[in-house]
Amino acid sequence: MSPTTTATAPVLKSLYQRSVADYWNAERNPVNLLLGDVSGTYHHHYGIGEPDWSVLEGPEDTREQRTIEELHRLETAQASFLLDHLAPIPVGGRLLDAGCGRGGTSFMANQRFGAQVEGISISEEQVRFANEQAERRGVADSARFSFRNMLATGFETAAFDGIWNNESTMYVNLDDLFAEHSRLLKPGGRYVTITGCYNDVYGLPSRAVSEINSHYICDIHPRSAYFKAMAANGLVPINVIDLTEATIPYWRMRARSPHLVTGIEDAFLEAYTGGSFHYLLIAADRV
Ligand code: GPP
Ligand code: MG
């Protein structure tokens with residue numbers, strides 16, 4: 001079997017998906033690895049909440065480490081907020097982390113709900129990393145990671161009590177994604193996403209949004225597209241929360257951390273403050 005196929009079908013279905021997988025297989029950004037090292041929980045999403053700006057003051061030789069710890073705290077707060085909206089999940093329930101990265105949100109959900117978590121990614125390197133983490137944490141029997149495509153997962157119908165996408169919807173067509181989520185969720189199951197989306201009121205994607213697309217090889221959707229695709233696939237929103245103001249301080253602190261910046265910080269700040277882009281949580285029930 002080729003490493004990029006399952007027993008039944010290739011996981012990567014297009015050159016586009018191959019290029020996204022290549023990006024994540026090669027990704028080693030200090031802003032992700034050094035932050036993850038703080039607690040052993042590696043995130044691939046941004047932060048929310050007010051930073052403790054005093055970390056930038058005080059001794060210079062430990063400033064970077066203080067900043068790393070503070071940004072990690074804000075990223076963990078983001079994942080925790082997402083899980084607040086997934087709850088309640090029955091103990092022993094089954095959850096899907098669609099686009100799981102190095103497994104950060106999956107491990108938090110596994111611990112918090114006592115649930116069985118399946119994390120999936122089209123990056124074999126991320127899957128390997130996350131499974132190694134699961135072994136290290138002693139939870140490999142209840143947090144599993146596999147090389148799968150979120151648009152055609154191969155899991156059985158109505159298998160999950162909850163599904164989330166933590167900043168991974170901008171890599172896929174939303175109609176295809178929500179059709180698969182709808183199939184996978186039990187009736188009454190909960191779906192949550194935190195995502196960046198562009199503002200329909202502004203018009204088409206701004207220069208800053210286009211820069212973000214180019215940086216991550218993604219295709220940020222308009223806000224409207226989420227609600228159209230959910231409505232078409234039996235997902236009924238229960239909560240929509242604009243987190244834009246809550247994430248701006250994270251970007252301001254990240255932009256002031258010379259060892260952590262990746263070069264995309266100003267584009268996020270411009271997109272959010274200019275009104276062309278929102279950071280949104282959407283929670284929906286499967287009917
Ligand atoms: C976060 O991952 C970014 C994405 C998954 C893609 C784009 C998201 C949007 C909301 C537009 P990361 O933590 O690997 O990014 P970085 O390396 O910049 O910290
Ligand atoms: Mg990151």
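**View 1. Gly203 in the loop between strand S5 and helix H7 of a predicted model.** The loop runs between S5 (185–198) and H7 (207–216). Helices (H or I, at least four residues) and strands (E, at least two) are DSSP runs, numbered from the N terminus. Gly203 has 28% relative accessibility, so Gly203 counts as partly exposed (between buried, under 20% relative accessible area, and exposed, over 50%; 1.4 Å probe, protein chains only). Phe145 lies 58 residues from Gly203 along the chain, and their C-alpha atoms are separated by 38 Å.

**View 2. Helices H6 and H8 in contact.** The axes of H6 (residues 174–184) and H8 (residues 223–231) come within 9 Å and cross at roughly 40°. Axes are lines fitted to C-alpha atoms, for helices over the stretch in contact, and angles run from 0 to 180 degrees between N-to-C directions. H6 contributes Leu174, Asp175 and Phe178 to the contact; H8 contributes Ala225, Tyr226, Ala229 and Met230. Contact means heavy atoms within 4.5 Å.

**View 3. Residues 96–189, the "domain: Methyltransferase" feature in UniProt.** The UniProt entry is unreviewed; such annotations may be inferred rather than shown by experiment. Over residues 96–189 the chain is 37% helix and 28% strand. The end C-alpha atoms of this stretch are 11 Å apart.

**Notes.** Residues are numbered from 1 along each chain as its sequence is written, and chains are lettered from A and ligands numbered from 1 in the order written. In this predicted model local features need pLDDT of at least 70, side-chain atom pairs count only at pLDDT 80 or more, and totals for chains, interfaces and linings use all residues; side-chain values use heavy atoms, with hydrogens and water left out.
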